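I set out to record what the coordinates say about covalent cross-links and open pockets. The entries follow the order of my look-ups.

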Amino acid sequence: MARRTGLKAFALIPALAIVVAGCGSAPQPGEAKGVPLVEAGKLKTCTHLPYEPFQFTKDGQIVGFDVDLVNLVAKDLGVKQDIIDGPFETIESGEDLNAKKCDLAAAGMTIKDSRKQNFDFSAPYFKATQALLVKKASGVNSLEKLKGKKLGAQSATTGLDYANKHAKPLGIDVVVYEDLGLLLENVKSGQVDAGINDNGVLLDYAKKNSDLDVTKEFDTNEDYGIGVRKGNDKLRAKIDEIIAKAKSSGEYDTLYEKWFGKKPAAK
């Protein structure tokens, strides 16, 4: 979801590392506490950067809410989390998991039936809904006010699904972006009149950009889940166990407040 040029340059780093590693011995699969892992001593996570505040780069480190949650799983297993950035399309399709590029996928990803065909999901860990990001002075607070205008959406997302279903029939030009970073930049620069994506990331961006505002939430009632390769029931069960423990101990609320500035809504 980062800028296209930046993403390509960033992606070269792990690619080079793979070439160098190929000159020696290949990573050996392992396990921790009975959970099978792609590489011994590591819990490898596929994601797509940036998707702030869930996962993004700050001061040379990949941080965020999803990162902290997966770190809890890695800590329980006695291994280190190793984060791999790549296209969201190959995460959503299950290609990365099936190729054993990673053990799990944590990418602010909504649980939906089409994705369940490609991999298994953990229990839900975050509630989200689609939202509209616009310039404050635009007066746009609904899709109807975007008729004849441009709405940016990110490829392979539930935001794009919503835009295709509800915005296109209104005569709105849906402009598709490879990643969230480019979408946000184009809303800010006025290249598109609005952007649609999950409320968590849009509210975070608006908070840091005073000329922008989230003027509408569409109540799509989405749940995020962590993806694992089909059949890796031991890892899925471990993730569910750690999420449940974090929620019961209050650690989940602490992480939520750290990244969103407030505690989660009471159920």
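**Entry 1: disulfide**

I computed a torsion of about -105° about the S-S bond of Cys46 and Cys102, so the disulfide is left-handed. The model is a predicted one, in which local features need pLDDT of at least 70 and side-chain atom pairs count only at pLDDT 80 or more, while totals for chains, interfaces and linings use all residues. Residues are numbered from 1 along each chain as its sequence is written, and side-chain values use heavy atoms, with hydrogens and water left out.

My search of the whole structure returned one disulfide (a pair of cysteine sulfur atoms within 2.5 Å). The S to S distance between Cys46 and Cys102 is 2.2 Å. I find Cys46 in strand β3 (residues 42-47) and Cys102 in the loop between α4 (95-98) and β7 (104-105); the pair is 56 residues apart and links distant parts of the chain. Helices (H or I, at least four residues) and strands (E, at least two) are DSSP runs, numbered from the N terminus. I list both Cys46 and Cys102 as buried (under 20% relative accessible area, 1.4 Å probe, protein chains only).

**Entry 2: second largest pocket**

I then asked which residues lie nearest the centre of the second largest pocket. They are Phe126, Lys127, Tyr256, Pro264 and Ala265, from a lining of 23 residues. A pocket here is an open set of points on a 1 Å grid over the protein atoms alone, where a 1.4 Å probe fits, with protein on both sides within 12 Å along at least five of seven lines; lining residues have an atom within 4 Å of a point. I note that β9 (126-128), α8 (199-208) and α10 (251-260) each supply at least two residues of this lining.

Definitions and conventions
Buried means under 20% relative accessible area, exposed over 50%, partly exposed in between (1.4 Å probe, protein chains only).
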